Amino acid sequence: MDVGRPGLVPGDRLLDTIAAIATAPGVGAIGVIRVSGPLALSIAQAILRSGKSGPDLSRRGLHVGWVVDPDTGERIDQAVLLVFPGPTSFTGEDVVEIQGHGGPAIMRRLLALVLGQGARLASPGEFTRRAFLSGRIDLVQAEAIGELVSARGERALQAAIGQLEGRLSHEVMQVRQALFESVARIEAAVDFPEDVAALEPEEIMGALARQRIRIDELLAGARAGEVARSGARVAIVGQPNVGKSSLMNALLRSERAIVTAVPGTTRDVLEADLEIAGIPIRLVDTAGIRPARDEIEKEGVARSWQQVEGADLVLLVHDSRSGLDATDHDLAARAGDRPVLRVASKVDLLRSASADPSEVGDAPWPAGHLGVSSLTRQGLDELEAAIAGALLSSSPVGVPGLAVNARHQGALRQARAHLTSAIETLDREMPLDLLSGDLRTAIRALGQITGLDPAEELLDLLFSRFCLGK
Ligand SMILES: Nc1nc2c(ncn2[C@@H]2O[C@H](COP(=O)(O)OP(=O)(O)OP(=O)(O)O)[C@@H](O)[C@H]2O)c(=O)[nH]1
Ligand SMILES: [Mg+2]
């Protein structure tokens, strides 16, 4: 995607050649050393022995042979070299990837060899940074690479792929373009009032309002993206013996927590990871809430209360044979504005449980409660769907699958604030030239998302989070 960045500037520190081990440390079938920069091809030429006439590395492709130390003639590894001459490479420079056997000792020797031939060790994220600086990818796509690698679940993966494809950038650039058009019309009307047909304030107002809605949609997707990326904490709370630990085990499909008929079995906070509908989830079982009988239980109950506050979603469990009481209402109140799902447990013990409640009409548990049985697994699919829905529901109109991270959110909010101020100016029938200042600031904020005119510190911060070799 053309993001309008200038090419590499001579005198930039991009002119040296960088190298790093790109695969994870440890033993693997293969290990990869990545080399990028003006010396990449000549280094590869110097260290690879293949065929009688030696390799022709001027063309894109793969070359198999022995990697040798040209100074001593010593053979180091049998390897595959992937050669990507610039500018159609990841970084835009000449890139060589050396695929050797993936042992730590071999990798270290290969890296030392490449460094000995004039490359220097890359800093974290430096390959991706070069890809950005050479205009091969924009900033959102650079971030997407980081997120793709660290994605913990299916949804996060999809969002990162969408971001890498440039979907978020595309959305943002469209809004930016539309604002540009409004500014151009306003400024033309201000500068050449006689040449430009009278500007209809309603029309400009409509155009600006439409772009604000699109920004709102992107922001609404942010929370969903956050949950998809970093996962959600789901706390199971309720009174003793209602079946919290059984529910934890049923959702995990493993006997993780101790279950007994004795109320007060669980005394500590128990955590386990699982994935529901592609969302990584940390499930938390807690001690049943009641007036504590001893010191241990007292501490356990205190921790249960804390879990309510630390959760992204609370599963408030009660026994379907008895209703909710004051303690349950206190728990729900403690959840504040966090989403709470009310779970009526042990529905297999209800007399009418054998009949499907959806067929007989009203379920025997209160409306809005989810009836489940950890024993027969009745209602568990619905519960999982409700969990996923509650975690993602803050984006009812969000653009699906777009990962909007904290940095993008900051810029979108800034753009939105200036857009709002422009709309108010228009509303109060103030002079038109007051509008364009706000609109231009909004446009600049949107440009920061994809990395038009990025600040050096921002790039340092962003790429330092990458691992070496990325
Ligand atoms: N029939 C039936 N029994 C259940 C169900 N869920 C839990 N039980 C039983 O209810 C009792 C308590 O279950 P637990 O899962 O330990 O309940 P808890 O809420 O974790 O209890 P504490 O840890 O004491 O707070 C055990 O005897 C379970 O076998 C269910 O869905 N159906
Ligand atoms: Mg328990």
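Trainee: Which residues come nearest to ligand 1?
Mentor: Of the 22 residues around ligand 1, the nearest are Lys244, Ser246, Gly264, Thr265 and Asp348. A residue is near a molecule if one of its heavy atoms lies within 4 Å of it. Keep in mind that this is a predicted model, where local features need pLDDT of at least 70 and side-chain atom pairs count only at pLDDT 80 or more, while totals for chains, interfaces and linings use all residues. Side-chain values use heavy atoms, leaving out hydrogens and water, residues are numbered from 1 along each chain as its sequence is written, and chains are lettered from A and ligands numbered from 1 in the order in which they are written.

Trainee: How far is Lys244 from an oxygen atom of ligand 1?
Mentor: An N or O atom in the Lys244 side chain is 2.7 Å from a ligand 1 oxygen. Thr265 uses a backbone N or O atom, 2.8 Å from an oxygen of ligand 1. For Ser373, a side-chain N or O atom lies 3.4 Å from a ligand 1 oxygen.

Trainee: Ok, what about the magnesium ion? Which protein donors does it have?
Mentor: Ser245 through OG and Thr266 through OG1, lying 2.0 Å from the magnesium ion, which is ligand 2. Ser245 sits in helix α8 (residues 244-252) and Thr266 in the loop between α8 and β9 (270-276), so to speak two distant parts of the chain, 21 residues apart. Donors here are N, O and S atoms within 2.8 Å of the metal (3.2 Å for Na, K and Ca), and water is not among the atoms, so sites may look incomplete.

Trainee: Are those two buried or exposed?
Mentor: Both Ser245 and Thr266 are buried. Buried means under 20% relative accessible area, exposed over 50%, and partly exposed in between, using a 1.4 Å probe and protein chains only.

Trainee: And how do you decide what's a helix or a strand?
Mentor: They're DSSP runs numbered from the N terminus: helices are H or I with at least four residues, strands are E with at least two.

Trainee: New topic: how many residues of helix α3 are buried?
Mentor: Eight of the eight residues of α3 (residues 126-133) are buried, so the helix is largely enclosed by the rest of the structure. Among what covers them are β1 (18-21), β2 (28-36), α4 (139-150) and α14. After α3 comes Gly135, with a positive phi near 80°.

Trainee: Which residue forms a salt bridge with Glu126?
Mentor: Arg120 does, with the closest N and O atoms 2.7 Å apart. A salt bridge is a side-chain nitrogen of Lys or Arg within 4 Å of a carboxyl oxygen of Asp or Glu. Glu126 counts as buried because its relative accessibility is 6%, while Arg120 is partly exposed at 28%. Asp16, Glu93, Arg120, Glu126 and Arg130 are linked in a network of salt bridges.

Trainee: How many salt bridges does the count come to?
Mentor: It comes to 24 salt bridges. Another one joins Arg407 and Glu143, with closest N and O atoms 2.8 Å apart. Arg407 lies in helix α13 (residues 406-427) and Glu143 in helix α4, so the pair ties together parts 264 residues apart in sequence.

Trainee: Last one: where is the cis peptide bond?
Mentor: From Gly86 to Pro87, with omega near 0°. Pro87 is in the loop between β5 (75-84) and β6 (95-102). Most peptide bonds are trans, and most residues other than glycine have a negative phi. Asn241, not a glycine, has a positive phi of about 70°.

Methods. Polar contact = N/O pair within 3.5 Å; in protein donor to acceptor, adjacent residues only side chain to side chain. Contact = heavy atoms within 4.5 Å.
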